[in-house]
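Student: I would like a close look at a single part of this model, the surroundings of the ligand.

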Amino acid sequence: MEDIELLNEATQEAEAAEDSRALYEVKMKFLGRTGKVTALLKGMKELAAEARPAFGKKVNALREALEEKFAAIEERLKKRELERKLEGEQIDVTMPGRHTKAGALHPVTRVKDRLIDLFSGMGFEVFEGPEIENDYYNFTALNTPADHPARDMQDTFYLTEEFLLRTQTSAGQIRVMEQKKPPIKILSPGRVFRSDDDATHSPMFHQMEGLVVDKGITLCDLQGMLDEFARTMFAETTKTRLRPSYFPFTEPSVEVDVSCTACGGKGCALCKGTGWIEVLGAGMVNRRVLENCGVDPDVYSGFAFGMGIERIAMLKYGINNIKLLTENDVRFLEQFKD
Ligand code: PHE
């Protein structure tokens, strides 16, 4: 009867096993080296010799029955474990992906890079001058002596009598012409400063200066280059217009307009009904400026232009307040991703 009891006990415990590990423990408890069934076999030597074969047969039958049971239960458990594992590893390909916030370039940087790209394609090299300039490079050498009224238009932040935060990248023109003999074709991007502050002006902004000096350079060269600039920066259909203006360092000087980026020239609120928008100042380099830099104005001529990068960015992206460009509001900046 002992064998039936053992069979029942082992079966019950095996059925209760939660997983194949627990089942293994049960198996060891009965069939292991110190297990209960093994102990029965070991106890056989205490029996009378004639009783042994029948007893051995019974115990072996019990062991076989148990092994069969365990194998069946093990198979069931393993199957369930595999199913659970597969379930846990299931991938829902329709689930939305995890987002990593990608940064984006600031609109001013984008426009600056685009301009450098455009002009370097025409053979311009980039030159960067210092943000703290002296009076000579920022004004005097640009034909704007101390008592010149044009200085008022570019009032700025003086550090000492002599040093100031530059008001224009035009200061770079002088530095380049002092270092280099013509032919010269440079582009000078950078930060400039003026005591100006309203919806379209800020005390700090960026300019992009261009300077070309060589033999036989004319205003037509300037205009042709500006057409290319306007078509690339705005739209294929954008037109340019030159209006007479005044800068001490160019003669003649022009203000450059482009056909309105919002209405295409019909007249709207942005262009105040005129169809045109002013984008930059330019002109033929003044003889005096060439002379100041040791360039012979009877042999060489040149043109220069200077534009506000913020202004171009505002027109290109339809931004109506320059402050948006320095507030660093992510909701605003996020819109300038590719
Ligand atoms: N420096 C001028 C300004 O800041 C722009 C300009 C540059 C005009 C070059 C003519 C030639 O307003």
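Which strand gives the most to the shell around the ligand?

Tutor: This is a predicted model, in which local features need pLDDT of at least 70 and side-chain atom pairs count only at pLDDT 80 or more, while totals for chains, interfaces and linings use all residues. Residues are numbered from 1 along each chain as its sequence is written, and side-chain values use heavy atoms, with hydrogens and water left out.

Strand 9 gives the most to the shell around the ligand, namely three residues (strands are DSSP runs of E, at least two residues, and helices runs of H or I, at least four, numbered from the N terminus). The shell holds 15 residues, and Q168, S170, R194, Q207 and G306 are the closest (a residue is near if one of its heavy atoms lies within 4 Å). By class, five are nonpolar, eight polar and two charged (Ala, Val, Leu, Ile, Met, Phe, Trp, Tyr, Cys and Pro count as nonpolar, Asp, Glu, Lys and Arg as charged, and the others, Gly among them, as polar).

Taken alone the ligand exposes 330 Å², and the protein buries 93% of that (accessible areas, Shrake-Rupley method, 1.4 Å probe). Strand 5 (204-214), strand 8 (276-285) and strand 9 (301-308) are the elements that give two or more residues to the shell.
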